[in-house]
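Here is a short briefing on one chain.

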Amino acid sequence: MKVLLLGSGAREHALAWKLSQSPKLTKLLVGPGNPGTARVATNVPLKAEAPDEVVALARREQVDLVVVGPEAPLVAGVADALAAAGIPCFGPVAGAALIEGSKAFAKEIMAEAGVPTAGFEVFTDVAAAEAYAVKQGRIVVKADGLAAGKGVIVAQDAQAAREAVRAVGAMGSAGQRMVLEELLEGEEVSVIALCDGERYVLLPPAQDHKRVGEGDTGPNTGGMGAYAPAPFLSDAQLSAVGEQVIAPTLATLRRRGIPFRGALYAGLMLTRNGPKVLEFNARFGDPETQVLMMQLAEDVLPLLDACARGTLQQRPLAVHPGASVGVVLAAQGYPETPRRGDRIEGVDAVPASCPVFAAGVEEKGGAWLTAGGRVLTVCARGADLAEARSQAYAATAHLRFEGMHFRRDIGAKGLRAPAMK
């Protein structure tokens, strides 16, 4: 099979790394890709969120499958355009991708599907939202639209709630409508299902680390690291999430005529009253994908292809024993204003058993330079979580660039948790 993968982040590098191992693959194109994907695939210049451009390239290269990494191309209708051209696509049509593109739409779907979630109100007027938020005090304020993983602010008191509403209201089009949600407490876990519109298979639960600082301090980021499996969900509880969250959501979207084919990401809060959905994403998570591709013990290409064609067999996936950990190395100034242009050293000194997935990287004169906030994700798989953490952090010691910072507690919560079966 000839595959075109869309995107340019560490998530896409991890997907390219895994796809490149498939015996069914004849050629892998990545558009636009990054210096890391160029090591395992052929990068092609492409604006991934331009449907006509994607279709033209897919036709010209006669690809058998298009895999969409980021959310922007999905919301822009790339999957719709590919469907109209008769080209299989792993990634939902725009109507279904709205489950990520609009927080209010996601809540509407959850209510219709009977999916457990936090109580909420939707506002388009900042003054009304501010009054409601101040009255509630402890609240979560979310931009309705896409905000690159930074459109969620957790407020613990009335003053913080007021500031959160004003900050989200200033986010431009993403914050013109906002969802104000009750603040749930518990462990946060990501569950990603590969879906063909009707059936699904579940990847192991993962845990992201969204805040920039250790101990979950500082502002939210796109994710500073992840590990899998997260030990807070037993196998039986994971199956229950499939039955109570994924299946009814797929059924509701199918009834609306927008079947979901792709990766449905459920961000869950494990409350005292059971798992509740914090958010849905319409694609693979980042940095969760990096560790999930490490854990998956079978060829990912037939799975993605079956989802795109509506022929998925619902069954348990083969996964490696032990655990995988991914540590994000970020640029100076991230998440506010990351510095660019610093030389990255030591990539080739990292052991081959610890993949380094590139994100905010550009190549000039054979050297890798920082070109974004989250620069690299360093991954390792071990016999258990402690070994995986040890190997991942040992690998980071080979890497350096000016202002490099990372969290040293990725996976620490998992070490403290009781093992579940």
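Contact here means heavy atoms within 4.5 Å. On that basis, and setting aside its neighbours within four places in sequence, Y132 is in contact with E121, F123, I139 and L180. The model is predicted.

**Helix 1**

- Helix 1 spans residues 10-19, and nine of its ten residues are buried, so the rest of the structure largely encloses this helix.
- The buried residues are A10, R11, E12, H13, A14, L15, A16, K18 and L19.
- Charged side chains are thus among the names on that list, including R11, E12 and K18.

**Helix 6 against helix 9**

- The axes of helix 6 (residues 103-113) and helix 9 come within 9 Å.
- They cross at roughly 105°.
- From helix 6, the contact uses F105, I109, E112 and A113.
- From helix 9, P248, T249, T252, L253 and R255 meet them.
- By class, this contact has five nonpolar, two polar and two charged residues.
- An α-helix has 3.6 residues a turn, so residues three or four places apart point the same way.

- Four strands form an open sheet in the order 11-10-16-17.
- The pairing is antiparallel.
- Strand 11 (200-202) and strand 17 (274-281) are the edge strands, and each pairs on one side only.
- Neighbouring strands are turned by 30° against each other on average, direction ignored.
- Strand 16 (residues 261-271) and strand 17 run antiparallel and are joined by seven bridges.
- In this pair, T271 stands opposite G274 of strand 17.
- Helix 11 (residues 300-309) packs on the sheet, where it touches strand 10 (187-196) and strand 16.
- The direction of helix 11 makes about 65° with that of strand 10.

- Strand 13 and strand 14 pair in the antiparallel sense over two bridges.
- G213 stands opposite T217, which belongs to strand 14.
- The hairpin has three residues between the strands.
- In this hairpin, G215 takes a positive phi near 70°.
- D216 lies in the loop between strand 13 (211-213) and strand 14 (217-220).
- D216 also has a positive phi, of about 55°, although it is not a glycine.
- D216 is partly exposed, with a relative accessible area of 31%.

**H209**

- H209 sits in the loop between strand 12 (207-208) and strand 13.
- H209 is buried, with a relative accessible area of 5%.
- A polar atom of the H209 side chain lies 3.2 Å from the backbone nitrogen of G411.
- Beyond its neighbours within four places in sequence, H209 is in contact with T221, G223, M224, G225, A226 and Y227, among others.
- The contacts of H209 also include R407, D409, I410 and G411.

**Y132**

- Y132 is found in helix 7 (residues 126-136).
- Y132 is partly exposed, with a relative accessible area of 25%.
- Y132 and S390 are 258 residues apart in sequence.
- In space, Y132 and S390 are 46 Å apart, C-alpha to C-alpha.

**Cis peptide bonds**

- A cis peptide bond joins A228 and P229, with omega about -5°.
- P229 lies in the loop between strand 15 (225-228) and helix 9 (235-255).
- Y334 and P335 are also joined by a cis peptide bond, with omega about 15°.
- P335 has its place in the loop between strand 18 (323-330) and strand 19 (343-344).

**Q62**

- Q62 is not a glycine, yet it has a positive phi of about 55°.
- Q62 lies in the loop between helix 2 (51-61) and strand 4 (65-68).
- Q62 is exposed, with a relative accessible area of 65%.

Methods: Residues numbered from 1 in each chain as written. Predicted model: local features only at pLDDT ≥ 70, side-chain atom pairs only at ≥ 80, totals over all residues. Heavy atoms only, no water. Buried < 20%, exposed > 50% of the residue type's maximum accessible area, 1.4 Å probe, protein only. Polar contact = N/O pair within 3.5 Å; in protein donor to acceptor, adjacent residues only side chain to side chain. Axes fitted to C-alpha atoms, helices over the stretch in contact; angles between N-to-C directions. Pairing = 2+ DSSP bridges.
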